[in-house]
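Please find below a note on the model under review, arranged as numbered points.

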Amino acid sequence: MTAAACTAASGLLPVRGVSAAGAELIHTVAAESPWFCNQVALTAKGDMFFGLPRYPDYDQTPCLAKRGPDGKPAAFPGNAWNEWKPGDDGFDSFVYVNSIHVFKDGTVWAVDQGALRADSYPPALSEPHKGAQKLVQLDADSGEVLRVLRFGDDILPKGAKLNDLRVFGDHVYVTDSGLGALIYHDLKTGVTLRRMSGFPEMQAKVEPNMQQGSHQTPKIDMIEVSDDGEWLYAAAPTGPFIKIKTATLRCATHRFRMRSSPNTSRNTRRSHVAAAAPLIRTVTSISPNWTTSG
């Protein structure tokens with residue numbers, strides 16, 4: 001499978017002059033991967049990294065790779081981290097890298113779900129061992145593992161799946177697409193919070209008559225943080241697209257709660273919406289299902 005950068009800013013795709021017919025790109029192959037690739041990340045100086053999840057029929061993969069000088073991806077960091085095999089506990093190796101990112105500090109972050117897909121593998125391989133789900137930060141040059149974040153059962157209960165993340169300063173935001181929740185971690189203090197677990201806005205919206213087969217639609221997974229760090233944007237593949245005040249996610253004493261009864265009086269409902277307005281919003285309007293306290 002071929003992976004190529006998509007913008008001229010990377011220096012990999014020079015742009016031919018714009019004509020009346022529009023811009024025409026001269027496509028240059030950035031790298032060719034012998035492994036199934038569904039994630040690409042670039043550092044500011046152009047180092048390219050690949051996320052290579054263990055999909056069915058694509059089990060033989062190092063899970064994370066870096067483009068070498070010859071243009072070919074090589075296992076990264078190139079040691080036991082890339083050598084997981086069935087039967088290993090996955091504690092210090094990549095099992096199923098679901099997303100990779102390079103943020104402002106130029107390091108590489110990998111989200112490892114710690115187990116293979118439940119729709120394709122038996123429980124022995126699809127249920128993660130203790131500590132196998134993790135966030136791993138690596139030096140982009142040396143491959144040194146700078147940090148490994150693992151969470152207990154209070155943050156990752158049975159069925160939870162780390163999906164995607166954003167790092168803004170000392171603040172780490174992660175989606176749980178297994179049960180539906182947002183996870184916040186403070187790199188400075190070590191505080192970790194599980195937020196809005198199981199709430200409707202954290203769930204996928206599946207039509208009643210829709211045939212899903214063995215694959216279940218992920219719950220909340222896509223995530224982004226605003227340039228000023230004040231808002232977090234998130235969505236399930238088929239759910240509502242919402243934005244949330246990051247300050248409320250980081251506040252341990254803040255409690256989100258939903259309206260307790262559909263029969264709540266009209267005046268009370270209005271006050272609930274007013275309270276929620278600065279904190280959580282859908283793309284088009286304020287969700288009437290949210291109230292806040294704390």
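1. Two strands are taken to pair if DSSP finds at least two bridges between them. On that basis A65 stands opposite A75 in β6. β5 and β6 run antiparallel and are joined by three bridges. The model is a predicted one, and the remarks that follow should be read accordingly.

2. As to overall composition, the protein chain contains three helices and 20 strands. Of its 294 residues, 46% are buried. Among the contacts with a separation of 6 or more, 47% are between residues 24 or more positions apart.

3. The pair β5 and β6 belongs to an open sheet of four strands, ordered β3-β4-β5-β6, in which the pairing is antiparallel. Its edges are formed by β3 (39-42) and β6, each of which pairs on one side only. Between neighbouring strands of this sheet the turn is 30 degrees on average, with direction ignored.

4. Another open sheet of four strands has the order β7-β8-β9-β10, again with antiparallel pairing. Because β7 and β10 (145-149) stand at the edges with a single partner strand each, one side of each has no neighbour in the sheet. The twist from one strand to the next averages 15 degrees. Five bridges join β7 to β8 (residues 108-112), and the two run antiparallel. H101 is found opposite W109 in β8.

5. Is Q137 buried or exposed? Q137 is placed in strand β9 (residues 134-138). Its relative accessible area is 5%, and Q137 is therefore buried, the limit being under 20%. The side chains of Q137 and D105 are joined by a polar contact of 3.5 Å. Leaving aside residues up to four places away in sequence, Q137 touches D105, T107, V108, W109, E144, V145, L146 and R147. W109, one of these contacts, is the residue that H101 stands opposite.

6. Turning to the aromatic side chains, the structure holds seven aromatic pairs. One of them is formed by Y55 and Y96, with 6.2 Å centre to centre and 35 degrees between the planes, and is tilted. This pair links distant parts of the chain, 41 residues apart: Y55 lies in the loop between β4 (48-51) and β5 (64-67), while Y96 lies in the loop between β6 (73-75) and β7 (97-102). Y96 has a relative accessibility of 4% and so counts as buried. Y55 and Y96 also belong to one aromatic cluster, together with F36 and Y58.

7. A pair of aromatic rings is described by the distance of the centres and the angle of the planes. For Y233 and F241 these values are 6.1 Å and 20 degrees, and the pair is stacked. What is the exposure of its two members? Y233 has a relative accessible area of 24% and is therefore partly exposed. F241, at 43% relative accessibility, also counts as partly exposed.

8. Two contacts between a charged side chain and a ring deserve a separate remark. R150 lies over the face of F91, at 3.5 Å from the ring centre. K243 lies over the face of W231, and here the distance from the ring centre is 4.5 Å.

How values were computed. Residues numbered from 1 in each chain as written. Predicted model: local features only at pLDDT ≥ 70, side-chain atom pairs only at ≥ 80, totals over all residues. Heavy atoms only, no water. Phe/Tyr/Trp six-rings, centres within 6.5 Å; stacked < 30°, edge-to-face > 60°. Buried < 20%, exposed > 50% of the residue type's maximum accessible area, 1.4 Å probe, protein only. Lys NZ or Arg CZ within 6 Å of the ring centre and 35° of its normal. Polar contact = N/O pair within 3.5 Å; in protein donor to acceptor, adjacent residues only side chain to side chain. Contact = heavy atoms within 4.5 Å. Axes fitted to C-alpha atoms, helices over the stretch in contact; angles between N-to-C directions.
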